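Please open the structure in the viewer and follow the stops below in order. Each stop names a selection and then describes what is found there.

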Amino acid sequence: MEFILQPLTLLTFFPLIGVLVILFMNAEQKNAIRWVALGTSLITIGISLWVFSMFDATNPNLQLEAKYSWINVARFNIYYYLAVDGLSILLVLMTTVLTAISILCTWTAIEDRVKDFMVFFLLLEVGMTGVFLAQDLFLFYIFWEFTLVPMYFIIGIWGGPRRVYAAIKFFLYTMAGSILMLLAILWLGIYGNTFSVPELIEKGNIPANIQIWLFLAFTIAFAIKVPMWPVHSWLPDAHVEAPTAGSVILAGVLLKMGTYGFIRFNIPLFPDATVQAAPWIALFATIGIIYGAWVSYAQADVKKLVAYSSVSHLGFVMIGLFALNPEGVAGSILQMINHGISTGALFLLIGMIYEQTHTREIKVYGGLWKITPIFGVFMLISALSSMGLPGLNGFVGEFTILLGAFGSKAIGNPWYAGISALGVIMAAVYILYMFQRMFMGPAGEVTHHHQLKDLNWREIITMIPLIIFMFWIGLYPKPFFDILAPAVEKLLSALPL
Amino acid sequence: MTLPTFTDFYTLFPYIILTVWTCVLLLVDLFIPKNRKSITAMLSALGIAVTLGYTVTQVGITGKGFNNMVALDGFSTFANILLLVSGLFGIALAYGYNNRMNMQRGEYYTLLLFSLTGMMLMSQATDLIIVFLALELLSIPLYVLSAISRRLDSEESGVKYFLLGAFASGFLVYGIALIFGATGSTALNDIFFAASSGTFSLLLTIGAALLLVGFSFKVAAVPFHMWTPDVYQGAPTPVTAFMSSGAKIAGFVALFRVFAVAFPALSDDLTNVLWVLSALTMIVGNFVALSQTNIKRLLAYSAIAQAGYILMAFVPYGNKEVAPIAIASGLFYLVAYTVSNFGTWGVVIALEKAENKGLELDDYAGLAKKYPALAIAMTIFMLSLIGFPPTLGMVGKFYLFRSAMDGGFVGLAIIGVLTSVVSAYYYLRVVVNMYMKEGDPTVENETWLNFTTAITAIVTVVVSLVPNILFLLASTAVF
């Protein structure tokens with residue numbers, strides 16, 4: 001039973017305590033339930049900071065390991081195995097922070113079935129944290145699939161008009177992808193007689209022709225989650241229909257589970273296949289960058305615009321990862337965080353205005369700046385951060401990624417990076433065009449008729465942490481790169497490059 | 001001619017206890033007044049519990065009896081325990097329902113017990129004659145039970161089940177006859193020696209194939225599944241619940257034993273047949289289920305599809321190294337299926353109203369708001385049947401797919417996982433209705449029913465997190 005007291009076990013499963021408390025509360029005490037959920041998520045942040053304080057950034061290996069034999073009969077060799085390293089620690093911190101922020105943003109937005117909502121949300125946090133910490137493929141798969149369930153309910157119950165369609169599409173699309181990964185996991189388990197990832201990496205020597213197939217099975221699962229072009233079509237639906245908190249978590253964390261999967265599993269487990277596949281992934285990523293930006297520009301719904309911009313931004317992350325050099329990989333992990341922060345912020349802000357106007361159509365707004373200046377400032381900063389303005393976080397990530405992609409031996413062709421760079425310009429176009437239509441010019445229909453209120457204190461508090469990180473990473477990214485560098489170095493050292 | 005010894009009786013003791021108990025109960029029931037039939041129900045549950053208690057003491061003991069016609073081994077004990085638990089669930093689901101639907105009669109319980117004895121005999125049979133005997137013993141009470149509510153559709157269901165069941169028995173008997181002709185014996189071991197002596201006639205192959213057809217009817221494998229939706233829909237729901245678990249377990253257990261013991265030599269031919277059978281069952285069951293709007297029909301097709309997954313475990317039966325693991329994974333999945341299946345039917349029974357009302361998917365709309373606990377339980381069962389964590393169904397499928405891959409049947413495993421995605425769609429429709437639509441359902445509140453639903457839901461989740469014991473039991477349950 002000592003595994004319960006391990007720091008990482010506490011971090012992963014602490015939200016369950018909140019779930020238990022909420023289950024025994026009266027559904028009518030909505031505010032009390034909200035406070036319990038918020039308190040739980042704040043304590044979870046505390047635990048994640050405690051874990052961070054014990055984390056040694058100079059050590060490239062897995063740390064704070066909690067490894068216990070779980071199922072060791074019937075030729076299974078499955079561990080309860082949680083650990084953290086430089087590749088995952090930032091994502092874990094982001095998960096706990098974004099969860100608390102999301103709970104805060106639902107304070108007035110979710111009035112119906114608050115109890116169920118908070119239960120699902122905290123369960124989702126358990127799943128997400130587990131995905132980033134699990135070092136055993138079976139355990140990972142359980143967390144990975146489990147995240148689908150609460151998210152499915154969050155979209156399906158509290159979403160927009162087409163919520164049921166979006167929820168089922170999200171569930172089936174993701175499940176269809178990950179189910180082939182299950183077979184690949186089984187193959188690895190039979191091959192290595194263990195599901196522990198470090199042991200499998202150490203054993204290595206998977207024949208190259210089989211590596212390709214396994215790589216493909218994992219890639220389909222992760223690519224759908226990222227989502228890479230052309231398997232992205234669930235994303236706009238899910239985002240548009242999901243409630244704000246759902247969108248924030250979806251964009252901020254769930255998509256990162258896909259890119260994280262590539263880092264944690266594809267690259268170290270299948271090194272030969274990774275090198276072989278790099279140019280192809282770069283190709284798809286480049287198409288995604290341009291396509292996502294292009295489609296974003298054409299959107300009339302501001303939430304859909306941000307959703308498609310995610311396809312574009314995650315394309316950067318992918319091309320950076322498969323540049324397979326330290327700049328590219330470190331840049332793309334940082335960009336994963338950046339995207340979580342800036343896109344999360346954009347979804348939050350859109351949600352705040354939607355709560356008042358109940359429309360997200362860009363053309364009915366206009367002149368918001370004059371009426372809601374605080375909202376405008378926050379929106380401007382987040383938009384600029386998302387499009388990669390120097391001095392804000394997006395720039396650091398994208399610049400490093402492009403630097404890596406240009407010089408990448410694995411991709412082998414600087415044109416991919418060249419074309420991807422166009423995506424940065426296009427981002428400026430669609431983001432500024434959106435900003436101009438919503439905030440500048442004469443007051444639009446909705447701006448005119450509604451008695452719009454500016455952000456209140458709760459909403460400002462929700463936004464502040466994100467804004468701080470935008471500037472921090474933008475102006476002084478060194479501490480973040482210092483955390484990433486040793487682990488990235490170790491990850492890449494094993495590749496046959 | 002030697003007289004049966006104590007050892008002979010010992011091998012069949014659980015079966016004997018239950019049979020005697022049932023015969024006595026049949027008489028006792030005559031003296032129980034019509035409005036006190038709860039006593040009969042209680043007594044039958046007690047009989048099962050006693051038998052279960054005795055069966056548990058036989059764990060780890062092996063033996064043969066009655067001239068090698070029956071065997072007691074880990075496999076039969078595992079199956080018997082599962083069957084007896086199914087019997088308990090079957091009674092727990094039926095009691096309140098029978099009251100509510102005005103069909104509370106003592107015969108219900110004695111018939112259920114008789115059927116259960118047949119199933120237990122099936123799991124111990126090592127001679128084709130006993131297999132046939134057991135099959136009839138388990139089937140005939142089920143035909144009657146299907147028709148017991150005296151509604152037209154129930155009677156139709158009973159007759160249909162009887163006719164097709166008789167047809168299937170015909171295949172089985174004919175197959176046994178041919179095998180006897182080819183090998184000169186009906187004992188599984190003798191058949192094994194005759195078959196593996198090198199030359200065996202075409203008769204044997206045809207006989208084995210006919211046996212397979214007969215069993216396929218019983219476990220509802222495609223293309224022998226046509227009766228299932230109608231019978232499952234027409235029969236009283238608790239009967240369906242018992243039938244879709246118990247009869248399926250018995251059918252699979254017999255299939256496993258007969259083929260793995262007697263016909264490994266035929267595996268070159270039969271493995272391909274089983275491959276196709278399993279793939280077809282998964283594909284047809286899951287795809288046809290997509291368009292169902294009645295929950296009983298939906299679950300009938302789901303039961304067909306689940307049979308396909310269990311069959312998958314059985315495809316590499318001829319491979320000496322893989323077969324024990326594969327059969328263990330089949331047993332494991334049978335447990336997962338049985339538990340989730342009873343839970344699901346428990347929820348269906350809770351919502352069912354007289355005159356077949358409350359059985360459409362639309363009737364589940366709004367369940368989560370009014371009865372959150374029931375909706376959570378149903379969600380757990382649906383996730384388990386899809387094979388989604390954190391449920392027993394997920395662990396079961398993980399085990400099944402691994403044994404398929406162990407045997408080198410990656411293609412079949414791929415079909416298995418892809419059809420699981422298809423199944424997610426229709427299982428989730430139930431969840432969509434419960435959580436995402438507005439409605440005002442009413443639910444029966446019966447102690448034993450609630451108890452069954454709660455217990456199965458808890459087991460489905462908890463055992464999936466600590467599955468070691470179940471793995472150990474299943475993997476040591478070999479013949």
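Begin by selecting chain A of this predicted model: of its 497 residues, 62% are buried. Colouring by secondary structure brings out 21 helices and two strands in chain A. The radius of gyration of chain A is 22 Å, close to the 23 Å that the globule rule gives for 497 residues, so chain A is as compact as a globular protein of that length. With the C-alpha trace displayed, chain A spans about 65 × 60 × 40 Å along its principal axes. Among contacts in chain A with a separation of 6 or more, 81% join residues 24 or more positions apart.

Next, display chain B together with chain A. Their contact takes 27 residues from chain A and 27 residues from chain B. On the side of chain A that touches chain B, select helix H5 (137-146), helix H6 (148-158) and helix H7 (163-192), the elements that give two or more residues each. H7(A) supplies the largest share, 15 residues. By residue class, this side of chain A divides into 22 nonpolar, two polar and three charged residues.

Finally, select helix H2 of chain B, residues 13-30. This helix has 18 residues and reaches 26 Å from its first C-alpha to its last, close to the 26 Å expected at 1.5 Å a residue. Which residues of H2(B) are buried? They are Pro14(B), Tyr15(B), Leu18(B), Thr19(B), Trp21(B) and Thr22(B). These residues cover an arc of only 165° around the axis, which puts them on the same side of H2(B). The buried residues pack against helix H3 (38-57), helix H4 (74-100) and helix H5 (106-124) of chain B. Turn to the other side of H2(B), where Val20(B) and Leu27(B) are exposed.

How values were computed:
Residues numbered from 1 in each chain as written. Chains lettered and ligands numbered in written order. Predicted model: local features only at pLDDT ≥ 70, side-chain atom pairs only at ≥ 80, totals over all residues. Helix = DSSP H or I, 4+ residues; strand = E, 2+ residues; numbered from the N terminus. Rg over C-alpha atoms; globule rule 2.2 N^0.38 Å. Buried ≥ 20, exposed ≤ 12 C-beta atoms within 10 Å, placed from the backbone. Contact = placed C-beta atoms within 7 Å. Nonpolar A, V, L, I, M, F, W, Y, C, P; charged D, E, K, R; others polar. Expected span 1.5 Å × (residues − 1). Arc of directions from axis to C-beta.
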